[in-house]
Amino acid sequence: MLHSLDQFFSILAGYMDEYTVVPVLYHFHWMEWDELSFDWCLVCMYGLFAVIVTYAICWPLEHFFPIERWDNKSAVLVDVFYTFLNRVGVIPVITFLLFYQAQTCFTGWVVDLGYIPPTLDSLIPGLFGHPILTFWLYALLLDGADYWRHRLSHSFRAWYALHALHHAQRQMSFWSDDRNHIFDDFISFAWFFIIGLAIGIPPLQFPLLMLGLRFIESFSHANIRVNFGPLEWLVVSPRFHRLHHALRAAGRGSFNYAGVFSLWDVIFRTADFSPLYLPTGDAKAPEALATGSYLAQQICGAKMFFASLAKTFGLTGRKPA
Amino acid sequence: MITRRAALGLPFALAATPAFADTGAPPPICMVMNSGDATISVIDMTTRQIIATQPTFREPSHWALTPDRQTLYVSDAGGNALFAFDPQTGAPKGHAPIADPYQLGYSPDAKYLVVNALRLNHVDVYDTASLALVKRFQAGKMPSHLDFSPDSRWCFSSQQESDTLFSFDMTTLTPRWTVPIGHTPAGVLWLNGKLIVCIMGENGIVEVDPVDGHITRRQKTGPGAHNVFLDSKNQILYVSNRAVGHTSLAALDPVTLEVKRVYPIDGGPDDIGIAPDGKIWIALRFNEEVAVMDPQTGDYETIQVGRSPHGIYLSTILSRQGRITAETI
C-alpha cells in the first residue's frame, strides 16, 4: 500500500519533471539542474499531498474540538500562504539555490583538507543495509539538532527578533508551523548544512516517513484540545507545543523547544507537561507581526532583526548622554 | 510497450523472454543504479526478475570495472563512497570513502581512476591500486562525464554548469585546455580520433578535436542530448535525449554522425547497455523502470526498478575482449 502510494507520487513527479520543469530548464539553458529537478518535483508532489492530508485530518478536529473559536480568521490566511510557500518547495528551492555555491565552496574546502563527510551508516557498525533504522536515527538526531537551533533562537536577542514572527500568531492553527521569517529559514538551512557535514545527509528514499514527521510538526500547532497522555514524553502533542507558544513563554527563558520528539526537552530539562491550553502570541511583538500581510511581517521582522543587531553592537546612532 | 501512463492504472506484468542459454554459470545480470533510492537493483537478465537489491549509502549513479575485471565500482556521490561488487554475481564486496564520486573511469593504461566530483567541482585523479588521491583539478563547475584518449595521454571532462570541456595531460597531470562547448555539456566519448560531447542544453552532439578543443562538427539528435554510447561492433552510436516532452534514443552512424533512427522512449532514457541478443537495456530516469528494447522494431518492455534509475551495467559485457567502459557497450 505504502509502496504503491510512494510509486504513484514518483510517477506524478516524473510527469511534472518531464513535461513542465525540464522543458523550462531546457528553454532557459539551466539543464545543469536537470539532475536535481526530479527531486524538486517529488518535494512539490509530497508537499501538496501533505497539505491535503494535514488539512483533511486537522480541519475537522479543529472544527469539533477547538481550544479557541475565532470570529475573524484573516490572520490564519497568511499562515496558509506560508505553508504553501514552504511545503510545495518554493522556499526550500530558493534557499538551496541561494546557498548552493557557498555550500559547494565550503564543502570543497573541507574535503581539500582531507575530511570526507561521513554518513551515520558508515560511522556506526551494523547500521549499513538497514535504511529505515538509519532514517529513524537521523530523524532523532536531526530533531535533537533542531531542538538546539530552536533553543538558541530564543537565547539571542537578534535571532529571536526573527523568530518572534513565528510566535506572534495569536490564532495558532495547524497552518502555523511554516510561519517563519525567511532569514530564519536561511539560518535553519545553514544549521542543517553544518550538521550534514558531521553526520551526512539522511536517506531521502522514505518521503512518506518524512511526511509523517512533518505532519507531527503541523499537528503540534493545531488548535485542538488534545494531548498524547504518557506518549507526550516521547512525541510533541498540540498541548505540549502550545505551552511553548503561550504568551508567558515568548522570548527568552522559554521551554518545550522540541519539534517532533519531546524526549529532547526531557533530556535537557526544558519540558513542561502542565495540563493547560493557554492563549498564544507574543505580547511584545508589533501588531504587524501578528496580523500583517506576508510582506508586512517579513519587513517588520527584518527591521526588528537589524535594529536588534545594531543595539547588540552599539550602532544605534544615539549620541551618548 | 508498457507506458508510464498505463502503469498508473494497470498492475505491472511482464512476460519473461528467455534469451540466454543455460550453461550452469551464474545467470547474466543487469545492475541498475537507483539514484533516488540508494539501492542497486540486480536483475537476472534471463528471467528479467529482480534477484537482489543491494543497498548503498545515498545516491548510486555510475560504474567502472577495474582493469583486472575483478571488481565493479559503483559511485555514490551523496554518500561519499565507492561501492565494490562482484561483476559476475552482483555480490557486495565493501566500500571505500571517496569524496563525491559521480561519473568515473579508468585510464586505458590502467594507471589511474579519474572521478568527476559534480557537487564539489573537482576532477580527482586516484591511483588505481591504492585509491589514493594523486591530483585534484578545479576545472569548472559541475564536472559531469569524462573519457580518455586511447593512448592514455589525455583526459577530457565536461563541466556541466560552466558550459566547457576541460582536458588535462595524464602523463604530467597538468591542465591542457578548457574550451566553451555549448549549454550544459554531459556525455563524453572518444570516437575515431575525435571526441563526441553531448550538449544537454541544446539539441544534439558536437564533435571536438582533442588536440585543441575546437568543434569540428555538430549533429542534432534531439533535445536534451545527455549521454553517448558506442556499440561493441563500432557500428552504431547511441545518444540518449531526455528533455522536452517526448524523450528518445537516437541511433547514429559513428562515421558520418548521420541520425539513422530515433526511438521514442517515454520516461527519460539515461544510460544504456546492449545484451548479446541485441536488446538494448535502458535506464528510464523519470519512470522507475528499465526498458528492454528490440532495436529492430523499436518495441520495448519494461522492468520496474527503484527511483531514478541512472547507470546500468550488464555482466554480459565481461565476455568481451579488451578494455571495458560504461560507454563502449
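In the predicted model, the hairpin formed by strand 9 of chain B and strand 10 of chain B has 4 residues between the strands, and within this hairpin Asn121(B) adopts a positive phi near 60°.

Strand 11 of chain B covers residues 133-137 and pairs with strand 10 of chain B in the antiparallel sense over 4 bridges, with Lys135(B) in strand 11 of chain B as the bridge partner of Val125(B). Of the 6 residues of strand 10 of chain B (residues 122-127), 5 are buried, so this strand is largely enclosed by the rest of the structure.

In chain A, helix 6 (residues 131-153) and helix 7 (residues 157-167) pack at an angle of about 105°, their axes lying 8 Å apart, which makes helix 6 of chain A roughly perpendicular to helix 7 of chain A. Helix 6 of chain A contributes Arg149(A), His150(A), Leu152(A) and Ser153(A) to this contact, where they meet Trp159(A), Tyr160(A), His163(A) and His167(A) of helix 7 of chain A. Classified by residue type, the contact between helix 6 of chain A and helix 7 of chain A comprises 3 nonpolar, 4 polar and 1 charged residues.

Methods
Residues are numbered from 1 along each chain as its sequence is written. Chains are lettered from A and ligands numbered from 1 in the order in which they are written. This is a predicted model: local features need pLDDT of at least 70, side-chain atom pairs count only at pLDDT 80 or more; totals for chains, interfaces and linings use all residues. Side-chain values use heavy atoms; hydrogens and water are left out. Buried means under 20% relative accessible area, exposed over 50%, partly exposed in between (1.4 Å probe, protein chains only). Helices (H or I, at least four residues) and strands (E, at least two) are DSSP runs, numbered from the N terminus. Two strands pair if DSSP finds at least two bridges between them. Axes are lines fitted to C-alpha atoms, for helices over the stretch in contact, and angles run from 0 to 180 degrees between N-to-C directions. Angles under 35 degrees count as roughly parallel, over 145 as roughly antiparallel, 65 to 115 as roughly perpendicular and the rest as oblique. Contact means heavy atoms within 4.5 Å. Ala, Val, Leu, Ile, Met, Phe, Trp, Tyr, Cys and Pro count as nonpolar, Asp, Glu, Lys and Arg as charged, and the others, Gly among them, as polar.
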